[in-house]
Amino acid sequence: MSRQNPLPVTIYTPDSAIASPARMFRDMIHDLRMSRELSWRLAVRDISAQYRQTALGFLWALVLPLANTAVWVFLSVSGILAVGATDLPYPVFVLIGAMLWAVFMEAVAAPLQGALAARDLLAKINFPREAIVISGIYQVLFNASIKLAILLAVLAVFGIVPDWTIVFVPLGVASLILAGTAIGLLLTPIGLLYTDIGKGLPVLMQFLMYLTPVVYPLRGEGTLSTLLLLNPLTPLIETTRAWLTGAAPEWLLYFLVTNCLAIVLLLGVWIAYRLAMPIIIERMSS
Amino acid sequence: MNDTLIKVEGVSKRFCRSLKKSLWYGTQDLCNEIVGRRHGRQGQLRDDEFWALKDVGFDLRRGECLGLIGRNGAGKTTLLRLLNGLIKPDSGRIEIRGRVGALIALGAGFNPILTGRENIQINASVLGLSKREIDEKIGQIIEFSEIEEFLDMPVQSYSSGMAVRLGFTVAVSFEPDIMLVDEVLAVGDSSFQRKCFDRIFHLQRRGTSFIIVSHNPYQIERLCQKAAVVHRGRLSPLTGGKEAIARYHDLMQQELAPSTTAAVSSREGTHELVFDRLFFENGDGQATDILHCTRPARLTADFHVTRPINNVRIRFEICSADNVVVLNLTANGLTESRQFEGKHRIAFSMEPLRLTSGWYYVNAIAVDTNIRLDTWNRAAEFRVLLQDNDAMLLTSDCGVFVCDGRWEIE
């Protein structure tokens, strides 16, 4: 405690923080810096606690995408569904899609899940609320790297040798996490108030998956194809898949546009999240 | 050293009784906040809302310690949460200078699967300590917590006392400018408690200001220079600890007692003598159940007998809220020598009453040598109120009876 330095002054009033944007942005940067260390610790805490209590450990990161892959390979091989021709062997195509989709899905779920798990902490201790979101991103990244490692191994088994474009794959995964986090964070404030969001999210994600070329390739025409083309997630999945397998990405511009949109959205929902937290916390514990 | 660290002006906070409505209001507030509208509108209540805090204001300077007392749900914790910036005020303004620490949720965020050591690091990080500070302090924290041998065990195998102790240790390990303490000083055994007190005194000497919520009058008196009662969302003026405790006791007694009475009023006996009515009158001769320590009071009982009786003994017991007989008023000498027939009235005048503030009840008892004629438990109840100009604050906390006597000193 240094008496020489002037003490930081904090003022709480009923005024909305957004009414004085300059101060709000300063606070945002400050809190972001403050939460660097904390979010890392929280992520390490959650990851180590998670794996200390399971027998399968890291393999849990793979269960959902593997199960998804198995189902679609079975449906396709048994001829129940005709998914159309793919440039890659179908199991590889589905596995890549399912893995990337799982990364996106985890990123969407992470902010709400993290905030719900930290309810007690949020309600009682004042710490930078960004830490929870960032800690969630760390965990998604951790799981994503496990998935990528497995994916590369499977590609090798199928004799697909990645091109130099593989260096861009982390960028593709990062874009998926970016978009996922923006959507997830958008839902977090309301999701903390109403449990409907948490319950409805998996259903919604299921639908969204079928509107994205995850388990089947893009086709030339039809309503479905139009929907797929309009879906901003399509370029993310497609481009990343192309980078992984050494194919030429067709959607590069669209990919960049989506990323810009995601960044703008994330900034917006970050502000909303900050504004919302005191109000949500008040309702959460009442 | 005289700088003000906390300045609270006219702060109010609404809460909602119904969960469904509360969630809906939350959504509304959220939208208002995002479009930049002021929180709490013009300060009117919506349907099903009430003021959890209303027009609270006070200043606290460096090194001062403010004790808050009040019943559960009076708004104490809400005030701490506002000061901690967890929730937004609906009106008013809070100005805080310096780093705020909180002894509120001890061990919140502890992960049961991780070890004590890991949890110390995480908890300290949540409380805002940097990695360097944690590395510097961890030895000190471990030593203070006295649970070194369990440190590498998962926290789920700790006793709840140990977990809270660990939380306390982490929370007091750094030296904030302001420390908010919510009812946590009852942790651990007495030797650990003494350490906690010593730590608080140490921080106070270093210039940390405290706000302490406690139900324990001893703690308030010992730790706080100033204290205030929070009652139904309002804060009494800041006074000394003793005065605030007196005020609190007075409130407690006035509020709590009546709800428990009806059920326990009972009577037994042969009913050859029956008390019909029992009441108090004030100095002006008006029947009332509100009396004052320094003013006259008169206890009157109407009774009748079903057959002529002599050898009756009548007495009244005045009992305090904790069922202790504090006065036994016997009329033996007067009634034993008399024959009773039909209806009678007996009265006892106390000039003044001399009972300290609080809630009391009266048992009326009539016996004929060894036979119980009528025992009427809780025949009447009354309250003694603190007077506004009461310099001595005569509450039952400092004795129930003010004796009239004469001192001599040689």
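Q: Which residue does the side chain of A:R274 meet in a salt bridge?
A: The partner in this predicted model is A:E130, at 2.8 Å from N to O. A salt bridge here is a side-chain nitrogen of Lys or Arg within 4 Å of a carboxyl oxygen of Asp or Glu.

Q: Where in the chain do A:R274 and A:E130 lie?
A: A:R274 is in helix α10 (residues 252-284) of chain A and A:E130 in helix α5 (residues 130-157) of chain A, 144 residues apart. Helices (H or I, at least four residues) and strands (E, at least two) are DSSP runs, numbered from the N terminus.

Q: Is A:E130 buried or exposed?
A: A:E130 is buried, with a relative accessible area of 4%, whereas A:R274 is partly exposed at 21%. Buried means under 20% relative accessible area, exposed over 50%, and partly exposed in between (1.4 Å probe, protein chains only).

Q: How are the residues numbered and the chains lettered, and what are the limits of the model?
A: Residues are numbered from 1 along each chain as its sequence is written, and chains are lettered from A and ligands numbered from 1 in the order in which they are written. Local features need pLDDT of at least 70 and side-chain atom pairs count only at pLDDT 80 or more, while totals for chains, interfaces and linings use all residues; side-chain values use heavy atoms, with hydrogens and water left out.

Q: Turning to the interface, how many residues does each chain bring to the contact?
A: Chain B brings 66 residues and chain A brings 48 residues, where contact means heavy atoms within 4.5 Å.

Q: What area is buried between chain B and chain A?
A: About 4900 Å², of which carbon and sulfur atoms give 59%. Buried area is the accessible area (1.4 Å probe) that two parts lose on being put together, summed over both.

Q: Which three residues of chain B supply more of that than any other three?
A: B:L30, B:L86 and B:V126, which supply 13% of the area that chain B buries against chain A.

Q: How many salt bridges cross the interface of chain B and chain A?
A: The rule finds three. B:E118 forms a salt bridge with A:R52, the closest N and O atoms being 3.0 Å apart.

Q: And within chain B, what does B:R14 pair with?
A: The side chain of B:R14 meets that of B:D90 in a salt bridge (3.4 Å, N to O). B:R14 is in strand β1 of chain B, and B:D90 is in the loop between α2 and β4 of chain B, 76 residues apart. Both B:R14 and B:D90 are buried.
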